[in-house]
Amino acid sequence: MIRHAHENPELLALVRRYVTPERRYLKLSGSLLRMRSHDCGRFMRGLNADSKVITDGEITTLLEGGWRERRTAAWLVAVSRRTEFRERLGELLLASEVCCVGLAYCVALASFGTPRDSELLVAYLDRYLRRPDLAYDQTVAMGALLYIDLNLQGDAAARFLGPDALWQQWLREAPHTRDTTDPSPSFVSLVRRLCAFVDECADMS
């Protein structure tokens, strides 16, 4: 069940504190990589500061909200390295209740980068690569899984790859990916760059 800020004073206060200042929720995406250095540094310092003061309970509340709240919460989880939220992010990714937040979940899991994070991404791909009618977060989830594989020298993505495996089937059958080249390398690059942003932000003093 999604909670709406305009109906919940507690959630509304958190939105005003962490989500909407300077339209943070809009910037927490691939557009981070196009920020000018001065703006990016200021943005990172603010995100780092908030990641240190937000409580687990406040993160939990934000993750019950809409896409803006969930996106912001997932990034704060990543920057504060709160791996205790791993399972919750995996559940939300798998449920896919709201749009515009899958990238944040995948980046957080990729930034944690453990075999368990791979398992959560595998569960998502195993469900949604079977749904070529749904243009959800299959591409970024594959990018995140391949990124973890590269770092761990693992092969969790292998089950999806190959001429007749689910990834190629999905690329052939999904209307929005037909006649396109395999997008996974570009999404691995995107995840790598966003995880580097997370690490740099987390390490700021």
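## Gln 153

Gln 153 counts as exposed, at 75% relative accessibility, where exposed means over 50% relative accessible area, buried under 20% and partly exposed in between, with a 1.4 Å probe and protein chains only. Gln 153 lies in the loop between helix 9 (138–152) and helix 10 (166–173), and its phi is near 55°, a positive value in a residue other than glycine.

## Basis of the model

This is a predicted model, in which local features need pLDDT of at least 70 and side-chain atom pairs count only at pLDDT 80 or more, while totals for chains, interfaces and linings use all residues. Residues are numbered from 1 along each chain as its sequence is written, and side-chain values use heavy atoms, with hydrogens and water left out.

## Cys 100

Cys 100, which is not a glycine, also has a positive phi, of about 65°. Cys 100 sits in the loop between helix 6 (86–95) and helix 7 (102–112) and is partly exposed, with a relative accessible area of 41%.

## The chain as a whole

The secondary structure comes to 11 helices and 0 strands, where helices (H or I, at least four residues) and strands (E, at least two) are DSSP runs numbered from the N terminus.

Buried residues make up 49% of the 205 residues in the chain. Among contacts (heavy atoms within 4.5 Å) with a separation of 6 or more, 70% are accounted for by residues 24 or more positions apart. The C-alpha atoms fill a box of roughly 50 × 35 × 30 Å, taken along the principal axes.
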